[in-house]
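I opened my notebook today to look around one protein model, a step at a time. Come along and check each entry on your own screen.

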Amino acid sequence: MHYGGDYNPEQWNESVWQEDVRLMREAGVTMVRVGVFAWARIQPEEGVFDWDWLDRVIDLLHENGIQVSLATATATPPPWATTAYPEMLPQDENGSTLWHGSRQAYAPSSPVYRRLARDLVTALVERYAHHPAVGMWVANNEYGCHLNYDYSDNAAVAFRAWLKKKYGSLDALNEAWGTMFWSQRYTSFDEIVPMRLAPYSLNPGGLLDFKRFTSDTLLELFVMERDIIRASGATQPVTTNFMGFFPPADYWKWAPELDVICDDNYADPNDPVSFRGAAFTRDLMRSLKKDVPWVLLEQASNDVNWRPTNAPKAPGQMQALSMQAVARGAGSINFFQWRQSRRGSERFHSGMVPHAGTGTRTWREVTDLGETLKNLPDLGGTASGAKIAIAFDWEARWALDAPDHPGEIDYGALIPRWHAALHRQQLLVDFVHPAGDLSGYDLVIAPHLYLVSDESAANLTGFVREGGDLLVAAFSDVVDDADAFREGGFQVALRDVLGVAVEEFGALVPPVAAAGGTSAGDTGGTVSAVRGPGEDHADVDGPFAAVRGEFFAEQLQVLDPSVEVLARFSSGRLTGEPALTAKRTGAGRAWYLATIPDDDGMRRITQWAAAESGVSPVLDVPNEMVEVSRRGDVVTIINYGAESARLAVSGTDVATGAAVSSVDLDPYGWIMLRDAR
Ligand code: GAL
């Protein structure tokens, strides 16, 4: 269990370094990430490297028993680079250049940027690949974080090459994108631009490919650095830091390329249920690479600087969220950053060592956490034993995020809401790609899987045949992987198992986002509500009592005589029409839900489906501000509520070895138990 943070010694006079390592030892720090934004310090000009200071820092850390996760420093080219090679600067969709003076000012597909980054990483690994202090390599930083999409000429050249490789011929591209529509037909790859601002809606197939291209391009940068590190003979794990349910990067595709998954998470202290969004991303990180404990690479010790209001964390909240990460599979807990910066944009962002020094609550909590983590027993692997999985796909998200649908829904907010519905009930859940390994799950929930590839459909179908229960919810299986309709209407790919098809989507006036809803950090969102004369919801009566459906009330055609109608709409235009259907195929069942339930409805429906599938909560703890999770044979219970919680739970306290017959938890209190009952 490593403990530490981002260490940026280049911002400090060397005399501070001595105090840094002394305090690191006091805090129980075992590993720090060094050099993440140090390109300008390491390479003051092209061809010139200054290693002395970095040698001294790394040696100093090593002498003090602190390992280094060495950043490759490629996240921000210095001004000398972008001044000498302005063509490496990125552009927005209007063609405006994004200049240096902040960070991340480079076009990911720029050959010059890539050459400079290669030179830097090559020089770094030549020097430190075999340094005994180096325990991990972290390439770049949060790929795509600020620059989600680049529309520069570099991007145009690379996008065309990517498309040529994907389609082979222009005819195939024109066919896939349907360019006969609106006279969009291309006669040369050189006519294609990276989806820059246009007078009106861009081609959906083109937009989807541009998002695929962007994710692939960023991944290419990671792979380029990783391969340089590997080629040097370095044997440490190589990784980069993810950002939860980050829209532009398909982490399903990225994960196999990383040795270990790292995540950055900044739960908002102003949101009383931000622990749910945090649980969502932690479950996602665990699911991206099962069996390898993931690294919480960044979190804040206290407040951040980039929200409109940056509330401090409540006493104990930082430790509770750290233990949540451990309980959900993390093997290392770290912060941005070690010492608060005196200058620069992040001077108000908390650090492990605050401006106000060590006589502070932050420092006490930082040292307490170090002590706690040091005393944790070996928790072994990461397996939660979840029997429920949520199947989601970045490609479905990208296609849904494009304009021109019967109604706007926000997949990036809905997937966390389905997770929250299960989380509120202490039902454990993993995430899976719809074409991924579903064996081991009793229930797979595929919410709003708008785009389904043939491969995903075959996989989900196979899961049902072999005895799994599949719950598919509204606006699923609408298009193929070119964002085009299949022959035969909607729900064609999953028709064998669903036995129903949507005739009309029945868009409803969207709900006004509920206050205090679920939050997935920065990725959660709300759908803007345009009120109108139409219906804004449709009630559903079924085996889970009445549920309120929103966004869509789909009119279903029942196509297979074996389909059973389990619930019907009980209000509005579709009163009496099927709202939830069931069909058996092989040894399993598939349910289709023709609407999107509100939060309470999601809770009821998932409760019903879990019970049908024989899945029970980890423990019977009916307090929604208390979270119960499992890692191997250890159950962790955390109270995020403002009130103390007394729970009728028994077990053996992992910390003390004592038998407990009930559990009392103060706000942000937590306990780890074996044999929990
Ligand atoms: C992250 C970034 C860090 C730091 C942090 C502040 O996105 O990787 O360098 O800026 O945010 O919260």
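Here are my notes, entry by entry.

**Entry 1: ground rules.** I am working with a predicted model, in which local features need pLDDT of at least 70, side-chain atom pairs count only at pLDDT 80 or more, and totals for chains, interfaces and linings use all residues. I count residues from 1 along each chain as its sequence is written, and side-chain values use heavy atoms, with hydrogens and water left out.

**Entry 2: the annotated span.** I looked up the UniProt record, and its unreviewed entry puts "domain: Glycoside hydrolase family 42 N-terminal" at residues 6-376. UniProt positions follow the numbering used here, feature names are shortened, and annotations may be inferred rather than shown by experiment. In the model, residues 6-376 are 40% helix and 9% strand, and the end C-alpha atoms lie 23 Å apart. Helices (H or I, at least four residues) and strands (E, at least two) are DSSP runs, numbered from the N terminus.

**Entry 3: the parallel sheet.** I traced an open sheet of 9 strands with parallel pairing, in the order β5-β4-β3-β2-β1-β9-β8-β7-β6. Strands count as paired if DSSP finds at least two bridges between them.

**Entry 4: the ligand.** Which residues surround the ligand? I listed Phe37, Arg103, Asn141, Glu142, Asp264, Tyr266, Glu298, Trp306, Phe336, Glu346 and His349, where near means that a heavy atom lies within 4 Å. By class, this shell has 4 nonpolar, 2 polar and 5 charged residues. The classes are: Ala, Val, Leu, Ile, Met, Phe, Trp, Tyr, Cys and Pro nonpolar; Asp, Glu, Lys and Arg charged; the others, Gly among them, polar. I then checked distances from side-chain N or O atoms to a ligand oxygen: 2.8 Å for Asn141, 2.4 Å for Glu142 and 2.7 Å for His349. The protein buries 94% of the 310 Å² that the ligand exposes when taken alone. These accessible areas come from the Shrake-Rupley method with a 1.4 Å probe.

Entry 5: Gln337 sits in the loop between β9 and α12 (361-374). For background, most peptide bonds are trans, and most residues other than glycine have a negative phi. I also noted Asp477, whose phi is positive, near 50°; Asp477 is in the loop between β13 (469-473) and α16 (495-498).

**Entry 6: the antiparallel sheet.** I found an open sheet of 5 strands with antiparallel pairing, ordered β22-β23-β28-β25-β26. Its edge strands, β22 (626-631) and β26 (659-660), each pair on one side only. β23 (residues 634-639) and β28 (residues 670-674) share 5 bridges, while β25 (residues 651-653) and β28 share 2. Which residues partner Arg674 of β28? Val634 is a bridge partner of Arg674, and Thr652 stands opposite Arg674 too. Thr652 also has Ala659 in β26 as a bridge partner.

Note on methods: A polar contact is a pair of N or O atoms within 3.5 Å; within protein, one must be able to donate a hydrogen and the other to accept it, and residues adjacent in sequence count only if both atoms are side-chain atoms.
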